[in-house]
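The sequence and structure come before the details.

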Amino acid sequence: QSRYLFPHHIVLAGFMGTGKTTVGRELAKMLAMDQIDIDKVIEDRTRMTIAQIFETHGEAYFRELEFKTVEEMSAHKNIIIFCSGGGTVLNEKNVDNLKKSGVIVWLKASPEIILERVRAENTRPLLQNGMTIEKIESILNPRMELYRNAADIAIDTDEKSIHEISLEIVERL
Ligand code: S3P
């Protein structure tokens with residue numbers, strides 16, 4: 001018996017490199033649900049990458065687009081796997097919108113694992129100027145409380161496969 005009343009979105013939150021998008025894809029397959037990735041929607045609509053948006057218009061402009069997209073997708077008529085961006089929790093209004101729309105699953109990873117994953121991808125504008133553990137901690141540490149407060153469920157992802165993480169989410173819903 002699920003503790004959460006459905007219909008509800010399943011919202012994936014957490015820092016860059018914690019696997020929101022990949023886990024979201026796996027969950028969508030497992031549960032036969034649609035997945036919507038906020039950053040992907042923004043990229044498709046602007047026809048720019050997140051890095052290009054930061055570079056051309058600055059972070060504040062991106063956060064505005066992020067807010068509008070979160071607001072719109074929170075009210076999506078279908079029940080979706082909803083992948084947020086790592087900084088979505090910075091805006092209290094985003095957290096309110098997400099909380100109202102679904103169960104928030106916080107994917108946690110250690111700075112070491114995050115570094116490995118973001119290094120491999122190398123797409124994050126906030127980590128353009130040097131990817132080090134210190135840099136990651138300087139962004140992650142002040143956000144920890146925001147993730148903790150937003151989360152209904154917290155999942156450690158270190159040393160787990162995408163499939164294991166997805167199964168754990170389903171079990172704990
Ligand atoms: C950001 C995380 C990114 C993206 C943007 C800002 C952040 O999303 O929204 O680069 O502030 O942590 P991912 O968590 O999907 O990398």
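## Helix packing: H2 against H4

Helix axes here are lines fitted to C-alpha atoms over the stretch in contact, and angles between N-to-C directions run from 0 to 180 degrees. The model is a predicted one. In it, helix H2 (residues 38–46) packs on helix H4 (residues 59–74) at an angle of about 115 degrees, and their axes are 10 Å apart. Angles from 65 to 115 degrees count as roughly perpendicular, and H2 and H4 are therefore roughly perpendicular to each other. The crossing of H2 past H4 is right-handed.

On the H2 side, the residues in the contact are Ile 38, Val 41 and Ile 42; on the H4 side they are Leu 65, Glu 66, Thr 69, Val 70 and Met 73. Sorted by class, this contact holds 6 nonpolar residues, 1 polar and 1 charged.

An unreviewed UniProt entry places a "binding site" feature at Gly 17, Thr 18, Gly 19, Lys 20, Thr 21, Thr 22 and Arg 124. Gly 17 sits in the loop that runs between strand S1 (9–13) and helix H1 (20–31). Gly 19 also has its place in the loop between S1 and H1.

Is Gly 17 buried or exposed? Gly 17 has 24 other C-beta atoms within 10 Å, so this residue is buried. Beyond residues up to four places away in sequence, Gly 17 touches Ala 109, Ile 114, Arg 117 and Val 118. Gly 19 counts as buried because 24 C-beta neighbours lie inside 10 Å. With neighbours within four places in sequence left aside, the contacts of Gly 19 are Leu 107, Thr 157, Ile 162 and Ile 165.

Asp 39 belongs to helix H2. Asp 39 counts as buried, since 22 C-beta neighbours are inside 10 Å. Apart from neighbours within four places in sequence, Asp 39 is in contact with Ile 50 and Gly 85.

Arg 143 is located in helix H7 (residues 133–150). With 15 other C-beta atoms within 10 Å, Arg 143 is partly exposed; the buried class needs 20 or more and the exposed class 12 or fewer. Not counting residues up to four places away in sequence, Arg 143 touches Phe 15 and Val 89.

Technical notes. Residues numbered from 1 in each chain as written. Predicted model: local features only at pLDDT ≥ 70, side-chain atom pairs only at ≥ 80, totals over all residues. UniProt positions renumbered as here; feature names shortened; annotations may be inferred. Helix = DSSP H or I, 4+ residues; strand = E, 2+ residues; numbered from the N terminus. Contact = placed C-beta atoms within 7 Å. Parallel < 35°, antiparallel > 145°, perpendicular 65-115°, else oblique. Left-handed = near helix turned anticlockwise from the far one by under 90°. Nonpolar A, V, L, I, M, F, W, Y, C, P; charged D, E, K, R; others polar.
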